[in-house]
Amino acid sequence: MYDIERFYQAKNIEDAVQALRADPEAVIISGGSDVLIKIREGKLAGCSLVSIHGIRELEGVSMEEDGTIVIGPATTFSHITNNEIIQKHIPILGNAVDMAGGPQLRNIGTVGGNVCNGVTSADSASSLCCLDAILVLTGPEGVREVPISQWYTGPGRTVRGHEEILTAIKIKRESYEGYSGHYIKYGKRNAMEIATLGCAVTVKLTEDRRYIEDLHLAYGVAAPTPIRCREAEERAKGMEIGEALFEAVGKWALEEVNPRSSWRASKEFRLQLVEELGKRALKQAVINGEGGNAHA
Ligand SMILES: Cc1cc2nc3c(=O)[nH]c(=O)nc-3n(C[C@H](O)[C@H](O)[C@H](O)COP(=O)(O)OP(=O)(O)OC[C@H]3O[C@@H](n4cnc5c(N)ncnc54)[C@H](O)[C@@H]3O)c2cc1C
């Protein structure tokens with residue numbers, strides 16, 4: 001049994017905003033795979049829910065004329081993975097969300113819920129950080145756009161106001177065109193296990209495929225929020241592709257992360273993963289971009 005005080009099914013975005021305005025305690029529910037667990041555990045027992053499930057304008061993936069990819073936040077993980085635009089332009093995101101939970105979870109869990117829960121282990125988060133995602137919020141005052149670098153304010157917390165709904169996730173053309181990428185999730189089992197550590201890399205290579213032109217390196221569970229390792233990224237620019245580069249980037253990342261010990265893994269083990277996954281994710285991203293002698 002779920003202890004729910006009130007349930008309101010919103011008809012559209014405006015209706016959902018009004019419903020949130022009318023009830024300062026109400027909680028948005030999309031796929032419900034986080035919210036319902038919290039209600040059952042008692043953390044959200046007795047809450048009122050505003051459902052955005054089934055609002056068509058919040059679902060699907062499209063591309064604007066200028067090449068911006070627009071992802072509806074209520075798009076499920078399965079739909080993200082199977083979407084042609086995602087597969088062609090940002091496969092790293094489709095692969096990342098394909099590692100979440102099991103098939104049932106991926107058919108109900110949404111990418112918007114994964115971003116709005118604010119947790120560092122969210123499988124979409126580090127890829128979206130690499131892709132410089134822009135989060136579009138709609139509230140009573142209108143629409144505002146927040147770069148993902150300004151989204152997270154602490155564990156499980158974001159800049160989203162109570163009356164605001166995430167209505168789109170945008171990826172600009174310059175954030176994906178010419179980049180190849182790779183995401184690695186380290187977990188104890190392949191299914192139904194959140195990440196012990198997640199690492200995403202997107203990389204742009206020089207025309208001759210021998211040097212790094214640009215690098216984006218992001219981690220989940222390496223700090224209280226998902227993070228980018230901006231100094232490591234800067235240091236890698238212009239470097240020749242090869243083992244020395246992969247090794248160095250893994251080591252540099254250690255200077256910017258701050259993982260903690262939990263029942264899942266010790267801080268020391270997570271640091272080891274930061275270095276190793278950074279190295280491997282970069283190497284695979286380079287291979288995906290047909291770079292250097294990375295295959296060797
Ligand atoms: C068995 C199990 C395994 C799991 N495994 C993984 C895993 O491997 N990797 C992983 O990343 N996650 C995992 N999760 C967590 C969860 O499935 C994901 O975080 C999922 O993306 C949540 O999406 P949802 O639509 O179900 O969110 P909901 O539960 O509906 O909402 C989650 C949060 O986001 C808010 N919210 C949702 N949509 C919006 C919106 N459009 N605007 C504003 N706020 C919104 C809600 O108010 C709530 O705070 C797992 C969960 C379960 C139950």
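Buried means under 20% relative accessible area, exposed means over 50%, and partly exposed lies in between, with a 1.4 Å probe and protein chains only. Helices (H or I, at least four residues) and strands (E, at least two) are DSSP runs, numbered from the N terminus.

This is a predicted model: local features need pLDDT of at least 70, side-chain atom pairs count only at pLDDT 80 or more, and totals for chains, interfaces and linings use all residues. Residues are numbered from 1 along each chain as its sequence is written, and side-chain values use heavy atoms, with hydrogens and water left out.

**Stop 1: strand β11**

Select residues 179-186. Six of the eight residues of this strand, β11, are buried, so the strand is largely enclosed by the rest of the structure. Two strands count as paired if DSSP finds at least two bridges between them. For one place to look, pick Y179: K204 in β12 stands opposite.

**Stop 2**

Move on to β13, residues 212-220. Eight of its nine residues are buried, so β13 is mostly covered. β13 pairs with β12 in the antiparallel sense, over eight bridges.

R209 is not glycine, yet its phi is positive. With a relative accessible area of 32%, R209 is partly exposed.

Continue to β14, residues 227-228. β14 pairs with β13 in the antiparallel sense over two bridges. R228 in β14 is the bridge partner of A218. This hairpin also has six residues between its strands, and V221 takes a positive phi near 70 degrees.

**Stop 3: D214**

Stay in β13 and select D214. Is D214 buried or exposed? At 15% relative accessibility, D214 counts as buried. Leaving aside neighbours within four places in sequence, D214 is in contact with Y179, T202, V203, K204 and K237. Draw a distance from D214 to T202: the C-alpha atoms are separated by 8.4 Å, with the residues twelve apart along the chain.

Then show the side chains of D214 and H216. A polar contact of 3.2 Å joins them. A polar contact is a pair of N or O atoms within 3.5 Å; within protein, one must be able to donate a hydrogen and the other to accept it, and residues adjacent in sequence count only if both atoms are side-chain atoms.

**Stop 4: the ligand**

Select the ligand and its shell. How many residues surround the ligand? There are 32, and the closest are I28, S30, S33, T110 and D123.

Now check the oxygen atoms of the ligand:

- An oxygen lies 2.6 Å from a polar backbone atom of I28.
- An oxygen lies 2.6 Å from a side-chain N or O atom of S33.
- An oxygen lies 2.8 Å from a side-chain N or O atom of K185.

On its own, the ligand has 980 Å² of accessible area, and the protein covers 89% of that. Accessible areas come from the Shrake-Rupley method with a 1.4 Å probe; for residues, only the protein chains shown count as cover. Color β2 (27-29), α2 (35-41), α7 (111-116) and β10 (165-171): these are the elements that give two or more residues to the shell.

**Stop 5: helix α1**

Select residues 13-22. In this helix, α1, the buried residues are I13, D15, A16, V17, A19 and L20. They pack against β1 (4-9), β2, β3 (47-51), β6 (134-139) and β10. At the N-terminal end of α1, N12 is the cap: a side-chain oxygen lies 3.3 Å from the backbone nitrogen of E14.

**Stop 6: two loop residues**

Go to T68, in the loop between β4 (61-63) and β5 (69-71). T68 counts as buried, at 3% relative accessibility. The side chain of T68 makes a polar contact of 2.8 Å with the side chain of D66. Not counting residues up to four places away in sequence, T68 touches S62, M63, K170, I171, K172 and R173.

End at D132, in the loop between α8 (125-130) and β6. The phi of D132 is near 50 degrees, a positive value in a residue other than glycine. At 30% relative accessibility, D132 counts as partly exposed.

Technical notes
Contact = heavy atoms within 4.5 Å. Near = heavy atom within 4 Å.
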